[in-house]
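The exercises below ask you to read a single chain residue by residue, and each one is followed by a solution in steps. Please keep the sequence and the model at hand while you work.

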Amino acid sequence: MRRLLLVLLCFVGVATTYAQDYKVRNGDVMVERIIENTGMSVQQAHDKMMAMLVNVFNNSNKTLRLDQPDHIIYKGIMPDLAYQGMGSFSLLADIYVDVAIKENRMRIQVYADNIFDNGRNFSYNITELAPINEAHDNWRCSITKKTANVMFNNLIAKMYNLAISLEKSLAQPLKNDDNW
């Protein structure tokens, strides 16, 4: 009986890990990481973030929205957040990565605003869906409440993991492949 209770508590703890890590701002859901004491100048931090973001988003020509020495914004798609219709289509999200750089400090914000299916037959603002909107309407949204909750939890987890991986990339040295 104790083991069953322990397993149940562990499951609930893991399932609600990301529940506190997001903010809702201007119709967007946002995950934010602030890095103090990067040990780098603005240009060094910019170069490292650009190298990492190009690797994450693959094509900077289509995804780069703003490239200034102290501010970078990328737009991308977070795929396969949940499946609906017996797996016939998946839910995706438009995400933005906003990196603000100051001397020896950095702020990484990953935020999402729209949810759509892989055929883009429908698109909704994320604040219209559960769990943010308790009055979630299955008929109007064509996404069930259960699927919206799964999608939202997966989205927050993936956004948080992206922000953490960007933060960890600052500790990695830039590769210099000039000596081949």
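**Exercise 1.** Determine where T147 is placed, whether T147 is buried or exposed, and which residues T147 touches.

Solution. In this predicted model, T147 belongs to helix α5, which covers residues 145-169. The relative accessible area of T147 is 11%, and since buried means under 20%, T147 is classed as buried. Turning to the side chain, a polar contact of 2.8 Å links T147 with the side chain of T144. Once neighbours within four places in sequence are set aside, the residues in contact with T147 are A82, Y83, Q84 and L91. The strand β4 spans residues 71-84.

**Exercise 2.** Carry out the analysis for T63: find its element, its class of accessibility and its contacts.

Solution. The element that holds T63 is helix α3, made up of residues 60-63. With a relative accessibility of 11%, T63 counts as buried, because the cut-off for that class is under 20%. If residues up to four places away in sequence are not counted, T63 touches F57, I73, Y74 and K75.

**Exercise 3.** Examine the backbone angle phi at N37 and at D80, and state where each residue sits and how accessible it is.

Solution. As a starting point, most residues other than glycine have a negative phi. N37, which is not glycine, has a positive phi near 55°, and its place is the loop between β2 and α2 (42-57). The relative accessible area of N37 is 59%, and because exposed means over 50%, N37 is exposed. D80 is likewise a residue other than glycine with a positive phi, here near 50°, but D80 is placed in strand β4. At 39% relative accessibility D80 lies between the cut-offs of 20% and 50%, and therefore counts as partly exposed.

Conventions:
Residues numbered from 1 in each chain as written. Predicted model: local features only at pLDDT ≥ 70, side-chain atom pairs only at ≥ 80, totals over all residues. Heavy atoms only, no water. Helix = DSSP H or I, 4+ residues; strand = E, 2+ residues; numbered from the N terminus. Buried < 20%, exposed > 50% of the residue type's maximum accessible area, 1.4 Å probe, protein only. Polar contact = N/O pair within 3.5 Å; in protein donor to acceptor, adjacent residues only side chain to side chain. Contact = heavy atoms within 4.5 Å.
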